[in-house]
Structure formats: C-alpha cells, structure tokens
Amino acid sequence: MHSQVADWSLQEAEGWRQFDSGDMRAAIDAWADVLHNLSPTPQNSRFAATLLSNIAMAHERLKEFRDAIIALDKALCRHFESPPPTTEADTTFRAQSLYRMGNCFRAQDEYGSAADCFSQSVQIAALAADLELTIKGLIAWSAALERLGDLLRAVNVMNRARNLARGLPDGSPLRAKAEESVHVLLLAASELYD
C-alpha cells in the first residue's frame, strides 16, 4: 500500500508538472490515471476529490466549461463520501468548488445556474468565516442576478458585499470592486426606474 501511495503522489506531481508547463491535456491524463487506479474507498475520497478538482481546473484553462462543471460536481460528491469529521478545509473546498462552478456556468451564459452556485458558495464561505471568498461570491452572485434582470436583488446582494468589504483594509482591490460595483448597479437601477 505504501508504494502505491508513492506512485499516486508521483503521478499527481507529474500532472502538476504538465499543468505548470501549459500542457493541460497531459495534466488531465496524468490525474485521470491516478483517479482510475485509486481504489474507491471512503479513505481515498478526499484525494479523489482533489484530483477531480485539478482536472476541472485544467478544463477551465482550456475553456471547456461543461467538462469542468462535470468534474467539479463529481469532486463535491466524492469529497463528502469521506469519513467524518468535516473540517474547515472541507467547508472551504465546498465553497470554492461551488464558486468555480458558478464561474463556469456564467462563462456559458447560464446565469440562473451560476446564481444558484454563487448563492450556495456564499452561504458556505460565510460559515467557514472566509471573508474574501464570501465577498467574491456576493459580487459574482450580484452580477449573475443583474444578467437575469433582477436588479433589486442584485443591488441588495451587492450591498451585502460592500458592507462586508468595509472590513477589508483600505486600498484592497476587492473592497474597491465592491464599492464600484454597487454604484454601477444603483445607476443602472435608477435609469431603469426613471
């Protein structure tokens, strides 16, 4: 078993080497090989989820968003097959995966699905006390709502982002983005309702 784990680690490292060199197909193949040879036990579920998340990241780089969504969905399923306890890292993994999935849906102009993912990501990131991911999720959720034509909810969500962003240091790019975005939304809403 120990040599098998070492082989998996080497293959995973090969995937990262290929990814870093820009060869996304080779990275996907390396990680898929590890995943294929990984026994489907609860003890291996978190590692399998990580591999699937890596595969999704390579698909995102290739702008193969549908494949990335499928891999992220599988990653979330595999991650929660693992034995307890659920840790803060588990919660963060879930929030980040949903945020990434939302971005993939948004890239395909599927704003309803994107809004759902961002909403879930925000709820989970807030539980994990991940302020930056919560704010990024709120900004993305607001943008998806705006694309859906739900300006009132978009403004409310963006206001939440701005209020949370005020807890970030002055000069923070995320704080500036939240401030700017709420002003743009308020202008759009005022023009719509004039």
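The term salt bridge here means a side-chain nitrogen of Lys or Arg within 4 Å of a carboxyl oxygen of Asp or Glu. Side chains of opposite charge can pair when their charged atoms come close. This is a predicted model, where local features need pLDDT of at least 70, side-chain atom pairs count only at pLDDT 80 or more, and totals for chains, interfaces and linings use all residues. Residues are numbered from 1 along each chain as its sequence is written, and side-chain values use heavy atoms, with hydrogens and water left out.

Both partners of this pair sit in helix H1 (residues 2–21), 3 residues apart, or about one turn of the helix. Helices are DSSP runs of H or I with at least four residues, numbered from the N terminus. Glu-14 is partly exposed at a relative accessible area of 29%, and Arg-17 is partly exposed too, at 49%. For these labels, buried is under 20% relative accessible area, exposed is over 50%, and partly exposed lies in between (1.4 Å probe, protein chains only).

Asp-90 forms a salt bridge with Arg-46, with the closest N and O atoms 2.8 Å apart. Asp-90 belongs to helix H5 (residues 88–107) and Arg-46 to helix H3 (residues 45–61), so the pair ties together parts that are 44 residues apart in sequence. Asp-90 counts as buried at 3% relative accessibility, whereas Arg-46, at 28%, counts as partly exposed.

Next comes a contact between a loop and a helix. Arg-166 and Glu-179 meet through their side chains in a salt bridge of 3.5 Å, N to O. Arg-166 lies in the loop between helix H8 (151–165) and helix H9 (173–192), and Glu-179 lies in helix H9, so this pair ties together parts 13 residues apart in sequence. Arg-166 is partly exposed, with a relative accessible area of 43%, and Glu-179 is partly exposed at 22%. Across the whole structure, a search finds 8 salt bridges.

Finally, take a look at helix H7. Its 17 residues (131–147) should span 24 Å at 1.5 Å a residue, and its end C-alpha atoms are 24 Å apart, which agrees; the expected span is 1.5 Å times one less than the number of residues. Buried residues in H7 include Leu-133, Ile-135, Gly-137, Trp-141 and Leu-145. After H7 comes Gly-149, whose phi is positive, near 85°.

Note on methods: Helix = DSSP H or I, 4+ residues; strand = E, 2+ residues; numbered from the N terminus.
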